[in-house]
Amino acid sequence: MGKVLRNLLLFIVLLAVLLFVAPMLIPSDALKRVVEEQASRATGLPVEVAEVSIRLLPSAQVVMAELQLGKTADQTPILHAASGSASLSLMPLLSGELQLNGIDFTALAIQIPHYSGSKEAVLRINRVTGQLHLNLNSARLNGLKAELYGGEVNLDADVALANNSSVSITGRTKVHGVQIEALLADLGSRHQLSGRLSAELDITASGASAMALQQGLQIDGPVRTRSGKVMFNGITAGYDLIRFNLQTRGMNHHLNSIEAFSPLINATGDLLVTGNYRLSGRLKAAGMPGLSGEAVVGGTIDQPQLMPVAAPAAASMGLTPAY
């Protein structure tokens, strides 16, 4: 009995040593190649990493530097991360599943696909953490948390891969305290709106490419922005709260049941933002002399216009006469 116990302890010690030493024995170039090939196959997009290392104790973990995913038309990575790590569950690998109990990526930059007339756009994320369960045909994102623009985004989503290599995404996200002005600046806007953004959104998308996914994107849910400023025709007005129900269909955005509250003016209405960033809709305002009544919204995101249709309004308050 003592001999069996001794041999068992020796086996455990030897196994622990092998698990500790084995990552050092794997050539870094071979490990890098395996990670790139497997990640490319799983995502359907070319994946490149500058450096990869692995350790098996106290838990299996893959560490990467300078991760790049996909390419835009000008060969810019669709996604770039300065560093990343993933804690790996070993047992699910035996059944062909990849279960990441913890992922942690820092300094991400996501390129937004270009459309006719659109400006260069990029979404910057300070850090992403969460869990990922991946097999050959689907993926599950659990408790994904992204820190960006002074706020936080939480996401739970299912990703499925169809036989024609198209991807479908279904998920729900909660946004809290994101700085609108910094976000819009990266997305190509000219700072027409500032404040803090919060939302609870249901998301679906499908397509065989990043652009197709964005064109097939559907988002629904309530949105709130607090304590900011909005600019019309060079006139800046502060507000306490703006809330509306968002409906996104591809590049078009419907802002239904808008309510805006400020010390000087309250407004209600509906607004449509089309894929070429043009605005259309109607607003009813009350509170400030000369800015009360109904107005048609026009222009673009960068140069919005209000055209009064129910009551005269002073041009000095940022309202453009109707033609």
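Of the chain's 323 residues, 34% count as buried. The model is a predicted one. Its secondary structure comprises four helices and 16 strands. The chain exposes about 18,300 Å², and 60% of that area comes from carbon and sulfur atoms. Among contacts between residues at least 6 apart in sequence, 35% join residues at least 24 apart.

Thr225 lies in strand E10, which covers residues 218-232. Its relative accessibility is 4%, so Thr225 counts as buried, the limit for that class being under 20%. Once its neighbours within four places in sequence are set aside, Thr225 is in contact with Ile180, Arg196, Leu197, Tyr239, Asp240, Leu241 and Ile242. With one of these, Tyr239, there is also a polar contact: the side chains of Thr225 and Tyr239 make it at 3.2 Å.

Not counting residues up to four places away in sequence, Ser262 touches Gly238, Tyr239 and Asp240.

The two contact lists can now be read together. Tyr239 and Asp240 are among the residues in contact with Thr225, and Tyr239 and Asp240 are also touched by Ser262.

Technical notes. Residues numbered from 1 in each chain as written. Predicted model: local features only at pLDDT ≥ 70, side-chain atom pairs only at ≥ 80, totals over all residues. Heavy atoms only, no water. Helix = DSSP H or I, 4+ residues; strand = E, 2+ residues; numbered from the N terminus. Buried < 20%, exposed > 50% of the residue type's maximum accessible area, 1.4 Å probe, protein only. Polar contact = N/O pair within 3.5 Å; in protein donor to acceptor, adjacent residues only side chain to side chain. Contact = heavy atoms within 4.5 Å. Areas by Shrake-Rupley, 256 points an atom, 1.4 Å probe, with all protein chains shown as cover.
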